[in-house]
Amino acid sequence: TLLKVYVSAISIAAISIFESLMSLSIVDELTDSRGNRNREAFGQGLGQFASGILGGVGGSAVIGQTLLNVKNQGYTRLSGFVAPLFVMIIMMGAAPAIEYIPVAAYVASMLNVIVHTMHWDSMVVMIAGLMPQA
């Protein structure tokens, strides 16, 4: 049983670190800056450890939030703090009201993120790769 827990924990940690480093690479490319990858990996590991100690479930879903922050000039640490704060406030205080928001509104929000983060030039390459070779 403990072996299954270790395998799951290592998988989640590896995926989370990979996602954080990928997010850092995207931000570096968009802002023409250079982030500290070691510091990012250490922070992700520390966060995963603290989450486990406090009874939470580890994970990382920061690419979308990071891209939205960068696209809207949210470059400071405050921008990374405000979004989770509002999510917590909404979850704790406005949960009953959220039930009345149509699912289509959530889908539209996700599609908006996709439209603004996708490199549409790469679609030509993807489609060309699917075409049969003559």
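Axes are lines fitted to C-alpha atoms, for helices over the stretch in contact, and the angle between two of them runs from 0 to 180 degrees between N-to-C directions. With that in hand, here are some close-ups of a predicted model.

**View 1. Helix α1 packs with helix α2 at an angle of about 140°.** Helix α2 covers residues 37-53, and its axis lies 10 Å from that of α1. Angles under 35 degrees count as roughly parallel and those over 145 as roughly antiparallel. The two helices α1 and α2 are therefore called oblique to each other. The crossing of α1 past α2 is right-handed.

**View 2. A look at the residues where α1 meets α2.** From α1 come I12, S16, I17, S20, L21, L24, S25 and D28. Their partners in α2 are R37, E40, A41, Q44 and Q48. Sorted by class, this contact of α1 with α2 holds five nonpolar, five polar and three charged residues.

**View 3. Helix α1 packs with helix α3 at an angle of about 15°.** Here α1 (residues 2-31) sits beside α3 (residues 63-71), with 10 Å between their axes. That angle makes α1 roughly parallel to α3. Helix α1 passes α3 in a right-handed crossing.

**View 4. A look at the residues where α1 meets α3.** On the α1 side you can find E19, M22, S23, I26, V27, L30 and T31. On the α3 side, look for I63, T66, L67 and V70. The contact of α1 with α3 divides into seven nonpolar, three polar and one charged residue.

How values were computed
Residues numbered from 1 in each chain as written. Predicted model: local features only at pLDDT ≥ 70, side-chain atom pairs only at ≥ 80, totals over all residues. Heavy atoms only, no water. Helix = DSSP H or I, 4+ residues; strand = E, 2+ residues; numbered from the N terminus. Parallel < 35°, antiparallel > 145°, perpendicular 65-115°, else oblique. Left-handed = near helix turned anticlockwise from the far one by under 90°. Contact = heavy atoms within 4.5 Å. Nonpolar A, V, L, I, M, F, W, Y, C, P; charged D, E, K, R; others polar.
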